[in-house]
Amino acid sequence: MSPSNASLQFDVVIIGAGAAGLFCAAQAGQRGLKILLIDHATKVAEKIRISGGGRSNFTNRDLDVRAPHKHFVGQNPQFCRSALSRFTPADFVALVDKHGIAHHEKHKGQLFADHSAEDIIAMLLAECQAGHVERWQPCTVKNVEKMADSADATSVARYQIDTDRGRVQATNLVIATGGLSIPKIGATDLGYRLAQQFGLKLVTREPGLVPMTFDGASWAPYAQLAGLALPVVIGTGSRKTRMEFNEDLLFTHRGLSGPAILQISSYWQTGTPIDINLAPELDVTEHLLAAKQRSRKLIANELAAIVPARLADAWVAQDPDWQRPIAEASDKALLRLAERLTCWQLTPTGTEGYKKAEVTVGGVDTSELSQQSMEAKRVPGLYFIGEVVDITGWLGGYNFQWAWASAAACAKSL
Ligand code: FDA
């Protein structure tokens, strides 16, 4: 698979052999185009391999293609509507079925491979093989240059790519280098740098789908709860921008995690609070006031009927008025307890960063790209697909669906 001479010619060079790059290469190759796929990592598609706890949550059945803002974050979530409606979760499921990969739905439309994420990678590699895709991996990209524009730009080399395996030229260049999360498995900022090199605007990048951290001293009372999980309603934002999720929360040594926190983290603005209802299934005030009339138990024990006992104990430790039999508590103290439990306001000091984030929020500004083809409006033959674009999905298979759909849109128009 290694090049023997300089300046090999390809119809398309794709940088990044992750979800979007592999799928785009396969689709375009099967259309008869000569494709070179380049990746600097030793192993192919590491993020697919570790996704969904090793079983890859490869798409989501609940995706509403008419309302992408429901499941996607970005300056203009409507941008992804065209691609998502032309390559749907059902289309990807049909491919998975064609390859005989058993799968199941877990929660809220999330589809996982029954056996292993490796099956999804093997499927993508088989599709690339069917498209005669040439893959250089590991291969370092040293330099990318646009060559002189030609009148017949569809058939001549417009881009020159220097790599540690030699120089190649391509009519079209597709950037599928993903986001910044998990640098130790190959994430880099190359895609953003190339966007800047060609004069494209970027939206500020932040870690998304990421655990949140809190100030050491203020977190001390809750650190003992590490490992505890419970269903909550979590929210953030002003009245106009408010987002809410009904998901599981997980206490950690340094802060909070679990699906509830990961989801809200993609919307959270630094310095602003989040609020959590730790007992969303119940009217806590009513429950406590009723218990006061009939119970001789400690407040902590009554609370343990609503939330896990460890949380109940840690909670009452915050106020001496809560450390007594419920029959002896004032209504005011119980109302305060109910209020704090159902609207726990706290301001994260930060997040666990790209080391732990599943995705990057922000990226190549969608106003620079065609929503039909993902081609840069002002730079013919240059395309951006997948996570490098300022489109971020919710937890639950939405990010892969964006990778497949943007790749398919691009491949069709090459
Ligand atoms: P992706 O990251 O897949 O691929 C980018 C490729 O570019 C990589 O192979 C990388 O090596 C290469 N590259 C980067 N810099 C380069 C350079 N300088 N030169 C050459 N190559 C370069 N999503 C989902 O929908 N369901 C899920 O279950 C999960 N689970 C999950 C778990 C974990 C732990 C993480 C970190 C992420 C997820 N995700 C997810 C998110 C999902 O993995 C992600 O959104 C997609 O992989 C994005 O696909 P891309 O192809 O855009 O980037």
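User: Which side chain has an N or O atom 2.7 Å from an oxygen atom of the ligand?
Analyst: This is a predicted model, in which local features need pLDDT of at least 70, side-chain atom pairs count only at pLDDT 80 or more, and totals for chains, interfaces and linings use all residues. Residues are numbered from 1 along each chain as its sequence is written, and side-chain values use heavy atoms, with hydrogens and water left out. The side chain that places an N or O atom 2.7 Å from a ligand oxygen is that of Glu-387.

User: How much of the accessible area that the ligand has on its own does the protein cover?
Analyst: The ligand also has an oxygen atom 2.8 Å from a backbone N or O atom of Ala-20. Of the ligand's own 1000 Å² of accessible area (Shrake-Rupley method, 1.4 Å probe), the protein covers 92%.

User: Which helix gives the most to the shell around the ligand?
Analyst: Helices are DSSP runs of H or I with at least four residues, strands are runs of E with at least two, and both are numbered from the N terminus. α1 (19-30), α2 and α13 (398-413) each supply at least two residues of the shell. With four residues, the one that gives the most is α13.

User: What is the phi of Ser-56, which is not a glycine?
Analyst: Most residues other than glycine have a negative phi. Ser-56 lies in the loop between α2 (46-50) and β3 (57-60). Its phi is positive, at about 50°.

User: Which residue is joined to Gln-137 by a cis peptide bond?
Analyst: Most peptide bonds are trans. Here omega is about 0°, and the residue joined to Gln-137 is Pro-138.

Terms used. A polar contact is a pair of N or O atoms within 3.5 Å; within protein, one must be able to donate a hydrogen and the other to accept it, and residues adjacent in sequence count only if both atoms are side-chain atoms.
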